[in-house]
Amino acid sequence: MTQFDIQQIDSDGQVKNYFETHGISELHDAFMLANILHTNKKTKEAAVIYGLAFRMHPKRHDHYPLAQSLLQIRLLCMLKAGIKPPEHEISILRSLNIPFANYIEGIAQAWAGGNGRDALKHIGNAYEEFHTGEEIDSLYLEIVLKSAPDLLSGNSSDVGLRIPRKIFMYWDHNPPEEIVRNFEFHKNITGFDFKVFDKHEAAEWLHSNYGVEARSLFLSARHPAEAADFLRVHVTQIYGGWWLDADIRVRDQDALNFMATQTAGNVFCSRIMVWFIMIFMELYQIVL
């Protein structure tokens, strides 16, 4: 704790009283002081004390509040105070939680007068990382109402776009001969890109695109089928396309024609789960 931290505490009577009574002997105390400052709209001071809480955090994934939550709210308070968040702190946040970093960057872009729709796209599905009722709900809606109110009408010019001609599969490791033959069959289909993930590649892809928590959840799956279920929604969210279980084979040319011409948002067939999700956010849903 620095003299600068103490100056922020002295700026608010309620915070000063808490500090004189309880001190800051543990992370919870710093978190409480920062929350009080934030509630009292002293966002510049709150950012400093959230930073203190972040420094005190052991950076363990089982220690609450989580480190990324503290850093996220620190940077948001800086934005509220008219201070540009340091790039190196956003990089640290990104290493802890990619959606949180996207959220801060998107809010910064919108509040700086940038393109609101681009800011919404950048924020993406970050709200899924937050508990219901947290501030991201109202801030996201604020940007929608200001920059893209037509999104609330439920209409979009993107509706009707063709599902990307991509096919994805998964097998954790050492696929048997019949599965290898199935992979080769789909790889050679003309007009479709084919990609099969193994466990290692899938884990690294999830880490690169969604962060360490997504990778940990994937690796903690109790069965390869459960891991595939987790992976499929993340892969198709980013790329769109068709997901097939590794033992499924496209039946014939009619089936391929069906896949090549579908414009629906989501298609579910017998033992084939299809997810098409374009990278364009509407309020609380993906615009398909």
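Me: How do you know that the span of helix 9 agrees with its 13 residues?

Reply: In this predicted model, the 13 residues of helix 9 should span 18 Å at 1.5 Å a residue. The end C-alpha atoms of helix 9 are 18 Å apart, so the two values agree.

Me: Why are the buried residues of helix 9 said to line one face of the helix?

Reply: The buried residues in question are I136, L139, Y140, I143 and V144. Viewed down the axis of helix 9, they fall within an arc of 140°, and therefore they line one face. In general, an α-helix has 3.6 residues a turn, so residues three or four places apart point the same way.

Me: What makes N102 buried?

Reply: Buried means under 20% relative accessible area. N102 has 17%, and therefore counts as buried. N102 is placed in helix 7, and its side chain makes a polar contact with the side chain of R94, at 3.1 Å.

Me: Why does P85 count as buried?

Reply: The relative accessibility of P85 is 5%, and the cut-off for a buried residue is under 20%; P85 is therefore buried. P85 is found in the loop between helix 5 and helix 6. P85 and L75 are 10 residues apart in sequence, with their C-alpha atoms 5.7 Å apart in space.

Me: Which class does K59 fall in, and which does N174, by relative accessibility?

Reply: A residue is exposed over 50% and buried under 20%, with partly exposed in between. At 40%, K59 therefore counts as partly exposed. At 64%, N174 therefore counts as exposed. K59 is in the loop between helix 4 and helix 5, whereas N174 is in the loop between strand 1 and helix 10.

Me: What kind of peptide bond joins Y64 and P65?

Reply: The bond is cis, with omega about -5°. P65 is in the loop between helix 4 and helix 5. Most peptide bonds are trans.

Me: Which residues lie nearest the centre of the largest pocket, and which helix gives the most to its lining?

Reply: Of the 23 lining residues, S69, Q72, F130, H131 and E134 lie nearest the centre. Helix 5 gives the most, with six residues. By class, the lining has 12 nonpolar, seven polar and four charged residues, and the volume of the largest pocket is about 490 Å³.

Key. Residues numbered from 1 in each chain as written. Predicted model: local features only at pLDDT ≥ 70, side-chain atom pairs only at ≥ 80, totals over all residues. Heavy atoms only, no water. 1 Å grid on protein atoms, 1.4 Å probe; cavity = no way out; pocket = protein on both sides within 12 Å on 5 of 7 lines; lining within 4 Å. Points joined across faces, edges and corners; volume = space filled by probe spheres on them. Helix = DSSP H or I, 4+ residues; strand = E, 2+ residues; numbered from the N terminus. Nonpolar A, V, L, I, M, F, W, Y, C, P; charged D, E, K, R; others polar. Expected span 1.5 Å × (residues − 1). Buried < 20%, exposed > 50% of the residue type's maximum accessible area, 1.4 Å probe, protein only. Arc of directions from axis to C-beta. Polar contact = N/O pair within 3.5 Å; in protein donor to acceptor, adjacent residues only side chain to side chain.
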